[in-house]
Amino acid sequence: FPESLHLILADEDRLQQIMLNLLGNAIKFTRMGEIHITAEEKKANLSVSIRDTGIGIPEEKVKTIFNEFTQADGSMHREHGGTGLGLAISKKLIELQGGTIQVESEMNKGSVFTFTLPLAEGLSQDSAEQMEDSMLDIIEPEEDPFPLTKVKESKPRKPFDPGKAIKILIVDDDSIGLYILENHLLSAGYAVSAVQDGFAAWVKVQNEVWDLVVLDIMMPGMSGFDLCKNIRTLYNMTELPVIMLTARIQMEDMVRGFECGANDYVSKPVNREELLARIQTSLQLKQYTDLLRENQVLKDEIVKRRRAEKDLTAANRQLIGLLDIWETGIIVMDHQNAIQFFNQRAVELFGYPHHEVITQPIHTILQLPDLPRTPFKSRQFMMTVTRADHANFPLEVIVTPIDVKGDMAYAILCRDASNESKAVSQIDIASELTRTHRKIQVLQTAFDSALQFLDQEGKHMASELKNIESSMEDQFAKLSKNDVDQLYRQTLVELMTNALELWTLATGKDKIQFAEESNIWSAYLDVGTFKTRTLDKYLDVEKLPKNPRWKDVVKSVEFVSNVCPEPNPLKTRLQASLSKLRGLVKAK
């Protein structure tokens, strides 16, 4: 630099941004060599040059490098990343301050970016005032095309779940572009995490939960296309929307992006309102799809439940029909001595209709001795009872204890002892019931079913019966998707753990070698050590992804089984778990 340079009329912050961007480009494209910065006064301007000995720019691209918003050579994005947006911003900021920018370059020898800004000394009063107005427009514009330090205020969008912030991951190797994106999204009320390369973004996607990803296409190492493909191995388009940013609005790029699983595109330079509108639309589609999926699950459950209730009602009617045509009177009394079931033969014996005896104390029709409150063998009694019409008749009674939802209840079988011809066959039936536990269970099942049927028919039931039915409904509801999901996740971890154990036992190799040889799981080099981050999640139920790749687990088991053909107990257990998984997948 010369020993003394005159002052220039410019915005200090914007000049820093211009210098950082041009120097950043020079460093990025100069793997080995030198970078020089020079400045000199030329007439009424200060000329600043940044010279590098990097890869250079093809001659045919030099004229368009500032207005295409892309790299000089698009094929270099894997190694160096995008630069077009930064150059476009720098050119715009320099021109707004009354300067110019140009580039000279030669392939494989380097580039020289030179920009000028007007000197403050020697400007006329009118020119100075005009320049000052221009700078004010830059610092506080009515609508800044490139808002770097201040963004246009807008109402934060309401999150879909009032108790949950919307988490958005943004990925762009260009620091200024990333800064702009972050400002746009933070001002709209989103929770934002910003990273500058595809590999770092991929790690975050695997280890954290996100609502949406915004990523640039042109990035070093792992491009936006590659990152999107990786994301789609874990989440479909409705589970985690992906919006791609591109400065190259070409049909082949858009088609390729959609083929990789992108939900939408936004062109660079980014328009704030367009970006927020597209994000809002993608999030709403995600929410509606989640609701539709949940509604479908509920509809399926409702259909299954109605079908089960219909079948149960039909079975109840059959059971009650069998009990009603039985020539033995059957009464069921609960632990509080209240009548809960009264079959048709009992109606005929005692002369009381159902509705007059259900929930009434047993002593209103039958004087029984005190019965134990603990299990006991069937007891037989002979007694004289009075019918509803006041006629007396001899009655033989057999009382058998049964369990109803953990409470003691009693099945009372009654026969008219005045008719000996019928008594023989009925005593045989009653004796068989008392001797055979299986038939007592049938009677107990019939009683449970009868309670449901009587309630459905609107009979007068006691509050205890309503509690029993409510308890039964709760038990039925527990056979839900959650139980299946938990068993499904445990089985996946069990399968993967046993498969690796069998692999090591048979081959003497570790899980890193398993991942490499099976080509099912990825192994990453992290600080000199190979790791299997995704595979490791399938060895712990707590770390298992929300939507696990069960097909990859099945492939892993099949691979290990083929490598280890010899039979052994561990392989047998593995095959049994595999059969269980297939059944759970069908149940889901």
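1. His-390 is found in the loop that runs between strands E12 and E13, where helices (H or I, at least four residues) and strands (E, at least two) are DSSP runs numbered from the N terminus. Although His-390 is not a glycine, its phi is positive, at about 75 degrees. With a relative accessibility of 67%, His-390 counts as exposed; the cut-offs are under 20% relative accessible area for buried and over 50% for exposed, with partly exposed in between, using a 1.4 Å probe and protein chains only.

2. A word on the basis of these values: this is a predicted model, in which local features need pLDDT of at least 70 and side-chain atom pairs count only at pLDDT 80 or more, while totals for chains, interfaces and linings use all residues. Residues are numbered from 1 along each chain as its sequence is written, and side-chain values use heavy atoms, with hydrogens and water left out.

3. Asn-519 also has a positive phi, of about 60 degrees, although it is not a glycine. Asn-519 lies in the loop between helix H17 and strand E15 (524-526), and its relative accessible area of 69% makes it exposed.

4. On the chain as a whole, there are 20 helices and 16 strands, and buried residues make up 44% of the 588 residues. Among contacts (heavy atoms within 4.5 Å) with a separation of 6 or more, 62% are accounted for by residues 24 or more positions apart.

5. The largest nonpolar core has 27 residues, of which Ile-331, Phe-342, Phe-350, Leu-366 and Ile-412 touch the most other members; such a core is a set of buried Ala, Val, Leu, Ile, Met, Phe, Trp, Tyr and Cys residues joined through side-chain atoms within 4.5 Å. Two or more residues each come from strand E10 (329-333), strand E11 (339-342), helix H11 (344-350), strand E12 (379-386), strand E13 (392-404) and strand E14 (407-416). Leaving out residues up to four places away in sequence, Ile-412 touches, among others, Gly-329, Ile-331, Leu-366 and Val-399. A second, separate core of 26 residues includes Val-493, Leu-500, Val-557 and Leu-574.

6. How many aromatic pairs are there? The count comes to seven, under the rule that rings of Phe, Tyr and Trp (its six-membered ring) pair if their centres lie within 6.5 Å, with planes under 30 degrees apart counted as stacked, over 60 as edge-to-face and the rest as tilted. The pair of Phe-342 and Phe-350 is tilted, because the ring centres are 6.1 Å apart and the planes stand at 45 degrees.

7. Trp-503 and Phe-514 form an edge-to-face aromatic pair, with 5.5 Å from centre to centre and 70 degrees between the planes. Since Trp-503 lies in helix H16 (residues 481-507) and Phe-514 in helix H17 (residues 511-518), the pair ties together parts that are eleven residues apart in sequence. Trp-503 and Phe-514 are both buried.

8. The axes of H17 and helix H19 (residues 550-563) come within 11 Å and cross at roughly 95 degrees; axes here are lines fitted to C-alpha atoms, for helices over the stretch in contact, and angles run from 0 to 180 degrees between N-to-C directions. H17 is therefore roughly perpendicular to H19, a term that covers 65 to 115 degrees, whereas under 35 counts as roughly parallel, over 145 as roughly antiparallel and the rest as oblique. Phe-514, Glu-517 and Ser-518 of H17 make the contact with Ser-556, Phe-559 and Val-560 of H19.

9. Asp-416 belongs to strand E14 and, at 22% relative accessibility, counts as partly exposed. Although Asp-416 and Leu-349 are 67 residues apart in sequence, their C-alpha atoms are 7.4 Å apart in space. Apart from residues up to four places away in sequence, Asp-416 touches Arg-345, Leu-349, Phe-393, Pro-394 and Leu-395.

10. Ser-282 sits in helix H10 (residues 272-325) and counts as buried, with a relative accessibility of 8%. Its contacts, leaving aside neighbours within four places in sequence, are with Leu-212, Pro-241 and Ile-243.
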